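Let's walk through this structure together, from its surface patch to its ring pairs. Keep the sequence and the 3D view side by side as you read.

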Amino acid sequence: AFVCFYTIELMLKLVVFRLSFFFNSDMRWNMFDTILVAFSLTDLVTTLSSPASQSSSNVTFMRVLRILKMAKLLRGLRVMRFFSELR
């Protein structure tokens, strides 16, 4: 479900924003999302095409990347700091 949701999200963002997706104020987060989705798709293909014993290291690596995806929530802190400066 993770890979499907974020792949669709990334594709929709690329359709809407086109090249400006990579050249805006959130450029680093967008690159991070793109790399994360690419690694997730690679992991999914590897997991489906290889025996279970060989793919365990890839799954661990992808779990770490998923945790890093949650770090994206830290962007909310930046927004909150902006609003506190407006006071």
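A patch here is made of residues with over 30% relative accessible area and no salt bridge, where like charges are joined within 9 Å and nonpolar side chains (Val, Leu, Ile, Met, Phe, Trp, Tyr) within 5 Å. A salt bridge, in turn, is a side-chain nitrogen of Lys or Arg within 4 Å of a carboxyl oxygen of Asp or Glu. Accessible areas come from the Shrake-Rupley method with a 1.4 Å probe, and for residues only the protein chains shown count as cover.

Before using these terms, note that this is a predicted model: local features need pLDDT of at least 70, side-chain atom pairs count only at pLDDT 80 or more, and totals for chains, interfaces and linings use all residues. Residues are numbered from 1 along each chain as its sequence is written, and side-chain values use heavy atoms, with hydrogens and water left out.

Now for the overall layout. The protein chain has four helices and zero strands, counting DSSP runs numbered from the N terminus (helices are H or I, at least four residues; strands are E, at least two). Of its 87 residues, 18% are buried, where buried means under 20% relative accessible area, exposed over 50%, and partly exposed in between (1.4 Å probe, protein chains only). The chain exposes about 6,700 Å², and carbon and sulfur atoms supply 72% of that area.

On this surface you can find a nonpolar patch formed by L19, F23, M27, M31, I35, F39 and F61, with about 740 Å² of accessible area together. Helix α2 gives the most to the patch, with four residues. F23 lies in the loop between α1 (2–17) and α2; because its relative accessible area is 64%, F23 counts as exposed.

Stay with helix α2, which spans residues 27–49 and holds N30. N30 is buried because its relative accessibility is 6%. Beyond its neighbours within four places in sequence, N30 is in contact (heavy atoms within 4.5 Å) with F21 and N24.

Finally, look at the rings. Rings of Phe, Tyr and Trp (its six-membered ring) pair if their centres lie within 6.5 Å; planes under 30 degrees apart count as stacked, over 60 as edge-to-face and the rest as tilted. This rule gives three aromatic pairs. F5 and Y6 have ring centres 4.9 Å apart and planes at 80°, so this pair is edge-to-face. W29 and F32 also form an edge-to-face pair, at 6.1 Å centre to centre and 85° between the planes. Both W29 and F32 lie in helix α2, three residues apart, about one turn of the helix.
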